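Biologist: I have this one open on my screen and want to go through it with you. Can we start with contacts and then move on to whatever else comes up?

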Amino acid sequence: MKLGIDGRHALVCASSRGLGRACAVSLAREGCELTLVARTAATLEATAEAIRAESGVRVTAVAADITTPEGRAAVLAACPSPDILVNNAGGPPPGDFRDWNRDIWLAALDANMLTPIELIRATVDAMMERGFGRIVNITSGAVKAPIDILGLSNGARSGLTGFVAGLARTTVARNVTINNLLPGPFETDRLRDTAGKWAQKSGRSVEQELDARRAANPARRLGDPAEFGDACAYLCSAQAGFITGQNLLMDGGVYPGTF
Ligand code: NAD
């Protein structure tokens with residue numbers, strides 16, 4: 001199936017590595033021109049070059065922290081009017097809520113709730129005027145099944161999810177959809193870093209920790225970022241115009257509920 005987004009312009013945030021990069025790769029394979037954002041110029045440029053080499057699409061790389069007003073201004077100056085927006089940023093740190101003061105909460109809300117809302121605010125009206133727009137927010141399986149030590153993530157991402165649920169119904173008549181993709185355990189650098197921390201505590205190896213995670217999943221494996229990227233590309237497709245305000249959980253079936 002061709003996704004009908006050849007030549008569309010996609011702004012993909014936090015996309016030098018991991019799930020953001022996978023979304024960028026899948027969109028490029030469908031012929032989208034890209035603006036990529038991440039903080040480290042060298043890693044970002046290497047990703048941009050790899051995508052250009054594979055797909056032959058135009059790729060602009062903006063080295064910026066998407067969670068700061070200056071970073072967002074730089075990104076929007078380079079890409080003021082995308083057809084497709086993929087919101088993503090690093091997740092907040094784990095911890096005990098007793099240690100989180102107001103400033104720590106505000107940093108998490110800024111990164112994982114207000115940054116995507118600000119980017120939607122800056123781009124959605126032009127999408128509606130043009131009669132095409134696709135917005136995908138990378139959130140987390142923790143929105144459906146909260147993990148206690150990830151309280152900052154549970155809270156900030158749930159706030160974004162609630163906001164999007166309302167907004168998505170007001171844009172779809174103009175063919176602008178807004179959906180959330182909820183990753184479970186995907187084999188990215190971030191998951192490997194986290195497994196490194198578990199390994200330090202348990203005395204087991206990183207690979208043993210990852211194997212335990214694989215064994216605990218109904219799919220008996222971790223997610224491949226490429227699967228995530230392709231799901232994102234589908235939600236951004238011409239065919240997906242009747243899907244909006246949804247939360248698509250990709251976790252190999254680890255969430256045990258019927259719905
Ligand atoms: P990753 O560490 O592999 O990649 C993160 C990417 O984001 C990198 O390119 C990094 O440079 C960029 N980035 C981080 N903060 C940024 C910022 N402030 N401005 C610009 N770029 C920034 O992480 P990932 O595994 O791809 O995770 C992506 C998101 O999905 C995170 O919010 C994470 O919490 C969430 N998530 C991931 C998993 C998983 O299993 N991988 C599970 C649940 C939720």
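Modeller: Keep in mind that this is a predicted model. Leaving out residues up to four places away in sequence, L19 touches I138, P183, F186, T188, P225 and F228.

Biologist: Where is L19, and is it buried or exposed?

Modeller: L19 sits in helix 1. Its relative accessible area is 14%, and under 20% counts as buried, so L19 is buried.

Biologist: How far apart are V25 and L76?

Modeller: C-alpha to C-alpha they are 21 Å apart in space, and 51 residues apart in sequence.

Biologist: Switching to I104. Where does it sit, and what does it touch?

Modeller: I104 is in helix 4. It touches D99 and L152, again not counting residues up to four places away in sequence. Its relative accessibility is 32%, which makes I104 partly exposed.

Biologist: What about the distance from I104 to A142?

Modeller: The C-alpha atoms of I104 and A142 are separated by 19 Å, and the two residues are 38 apart along the chain.

Biologist: New topic: holes. How many cavities of 30 Å³ or more are there?

Modeller: The count comes to one cavity of 30 Å³ or more. The volume of the largest cavity is about 90 Å³.

Biologist: Which residues lie nearest the centre of the largest cavity?

Modeller: N87, N88, A89, A111 and P116 lie nearest its centre, out of 14 residues in the lining.

Biologist: How do the lining residues divide into nonpolar, polar and charged?

Modeller: Eight are nonpolar, five are polar and one is charged.

Biologist: Now helix 6. What does it reach from end to end?

Modeller: Helix 6 covers residues 189-202, 14 residues in total, and reaches 20 Å from its first C-alpha to its last. That is close to the 20 Å expected at 1.5 Å a residue.

Biologist: Which residues of helix 6 are buried?

Modeller: L191, A195 and A199 are buried in helix 6. They are on the same side of helix 6 because they cover an arc of only 85° around the axis.

Biologist: Why would residues with that spacing point the same way?

Modeller: An α-helix has 3.6 residues a turn, so residues three or four places apart point the same way.

Biologist: What is exposed on the other side of helix 6?

Modeller: K197, Q200 and K201 are exposed there.

Biologist: And what covers the buried residues of helix 6?

Modeller: The cover includes helix 7 (206-216). The buried residues of helix 7 are in turn covered by elements including helix 6.

Biologist: Which residues of helix 7 are buried?

Modeller: E209, L210 and R214 are buried in helix 7. They cover an arc of only 145° around the axis, which puts them on the same side of helix 7.

Biologist: What follows helix 6?

Modeller: G203 does, and its phi is positive, near 80°.

Biologist: Which residues have a positive phi without being a glycine?

Modeller: Among them are A14, with a phi of about 50°, and N175, with a phi of about 65°. For context, most residues other than glycine have a negative phi.

Biologist: Where are those two?

Modeller: A14 is in the loop between strand 1 (9-12) and helix 1 (18-29). N175 is in the loop between helix 5 and strand 6 (176-183).

Biologist: What is the accessibility of each?

Modeller: A14 is at 23% relative accessibility and counts as partly exposed. N175 is partly exposed too, with a relative accessible area of 26%.

Terms used: Residues numbered from 1 in each chain as written. Predicted model: local features only at pLDDT ≥ 70, side-chain atom pairs only at ≥ 80, totals over all residues. Heavy atoms only, no water. 1 Å grid on protein atoms, 1.4 Å probe; cavity = no way out; pocket = protein on both sides within 12 Å on 5 of 7 lines; lining within 4 Å. Points joined across faces, edges and corners; volume = space filled by probe spheres on them. Nonpolar A, V, L, I, M, F, W, Y, C, P; charged D, E, K, R; others polar. Helix = DSSP H or I, 4+ residues; strand = E, 2+ residues; numbered from the N terminus. Expected span 1.5 Å × (residues − 1). Buried < 20%, exposed > 50% of the residue type's maximum accessible area, 1.4 Å probe, protein only. Arc of directions from axis to C-beta. Contact = heavy atoms within 4.5 Å.
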